[in-house]
Amino acid sequence: MGVNFWMVCGLAWCGLCLLLKLNVYAVPVCGAIVLTTGILYTRGRRREREQKKRFYDVTGYLDTMLLAFSRGGKIHEALEAAETVIQPGTMRDVIRQTRIRMAVGLEDREIYREGLALIEEAFPCDPIRKVHGFMIHAEYYGGETARSIELLQLERKHWQDRCQANMEERRRSFRNIVLSAAMSLVICGMILYLPTANVDISTHPAVQIVGVLAVAINAMILLLGQRYLAVDWIRLGEEKKVVDYAQKLEDFRGDDSRRGKVPRIVLSVLSVALALFFVLRNQPGMGMLMLALALFGRNWRGIVRDTQRKQLTRQLRRDFPRWLLDIALLLQSENVQMALRKSAEQAPDILRGELQLLLARLDMEPESFEPYHGFFQEFDIPEIHSSMSGLYAISMGNEGRQGQQLQELVSGNHELLDVAERERQKDENSGMYLLFLAPVLTASGKMVVDMAVFMMTFLSGVTLGP
């Protein structure tokens, strides 16, 4: 801990003690809170710097690997270039271990896969896995790689831009949290300095206790907000497998509208009967409540299905663009049907069942538009339908326009992925907005206690007439 750390903690401690008029018992407690907060905040700043370095190491590694591979087409040469460029740290050490491991084996796919797996384990993120998979395939099978590398470089740039925009957004939100917490404590202290009929409530035990609690709660809010800045940025966009969306999709499609029909009818009829009963008893409020219950019973199944549809639509908007990038890479060396077939194993869970249906339909009607048109047709997602139309056009188009059609497909894919990522980031950052509002509750609670103590003190000193 440097001199600046102790100076800032000391100034914060003195400022809070004077602002809240803390007594001799509350002062050391407040000092302990300030010191603990300062230590935890310093550790959080260190983790934040480490995670940012980790992120920029990954972006530098991806950029160097793709550039070096485009020149020589050899994985070991690309790794050598990356080791030279990357700054000292974990990334460089892992690259060195990878090169050593690959040097003791034969140059085949298994050695490449096992060696590069060291980097994927240390830096698990989707862009690295995609680049490694492409390089292993290109090293083993050969072929034209310029367009694939261009696509991967563009994808890396979009990924980096999205993460950096999220970093800046969280940094702004954290500054707002700090200002909100500071203003909350200022408001808490200002009340104690207002001239209120020469009544000083600052010495009351309840006021002292609530003042210390306000400092502790706002310190906790500050530390919770800082946790949003010290996240693993390279894994932030990856979905945690908490919900089985493949099963949810199966349940949604296998829904039987007749299931539960009798209970819904019974509930609706009973609610209408009770509504008439209450109206006849001159209780219109209860009658309206029963009618509302009848409407809910009649339509609750539709409400549940609408909720399921929205959840699945949001997940499809997130997973479909990532899968489409795999298709675009495979199309550099395969036709559309073979690219779809090879992508099936690595496709997101929610897409696998529908992809198998698409392949089965294409086996029966290889030149028909209907299999592409029927891909997730029950979901109103124009971007997916447009992309599938583009795949059909590529499968049926001439060689002269295939490159242009593929470029249009990739451009639309990036737009769709950017929209989905912005929605996801908005959901993940919503907790910071709640933390921004939380100090308002702290100040409100402190004001309520202070006003209650003031009224009790004031009324206890009032002498009532005979």
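Predicted model: local features only at pLDDT ≥ 70, side-chain atom pairs only at ≥ 80, totals over all residues.
1. Cysteines. A disulfide is a covalent bond between the sulfur atoms of two cysteines. The whole structure has zero of them. Take Cys30: the nearest cysteine sulfur belongs to Cys17 and is 4.6 Å away. Cys30 is buried, at 1% relative accessible area. Cys188 is buried too, at 0%.

2. Thr59. This residue sits in helix 2, residues 26-72. Thr59 is buried, with a relative accessible area of 6%. What does Thr59 contact, leaving aside neighbours within four places in sequence? The partners are Arg156, Trp159 and Gln160.

3. Helix 3. This helix spans residues 75-85, and its buried residues are Ile75, Ala78, Leu79, Ala82 and Glu83. Seen down the axis of helix 3, they fall within an arc of 135 degrees, so they line one face of the helix.

4. Aromatic pairs. The structure holds 12 of them. Phe55 and Tyr56 form one that is edge-to-face, 5.1 Å centre to centre with 70 degrees between the planes. Phe55 is buried at 0% relative accessibility, whereas Tyr56 is partly exposed at 38%.

5. A pair across sequence. Phe369 and Tyr392 are also edge-to-face, with centres 5.1 Å apart and planes at 65 degrees. Phe369 lies in the loop between helix 13 (349-364) and helix 14 (370-373), and Tyr392 lies in helix 15 (residues 382-396), so the pair ties together parts 23 residues apart in sequence. Phe369 is partly exposed, at 29% relative accessible area.

6. Aromatic cluster. Phe320, Trp323, Phe375, Phe376 and Phe379 form one cluster.

Key. Residues numbered from 1 in each chain as written. Heavy atoms only, no water. Disulfide = S-S within 2.5 Å. Buried < 20%, exposed > 50% of the residue type's maximum accessible area, 1.4 Å probe, protein only. Helix = DSSP H or I, 4+ residues; strand = E, 2+ residues; numbered from the N terminus. Contact = heavy atoms within 4.5 Å. Arc of directions from axis to C-beta. Phe/Tyr/Trp six-rings, centres within 6.5 Å; stacked < 30°, edge-to-face > 60°.
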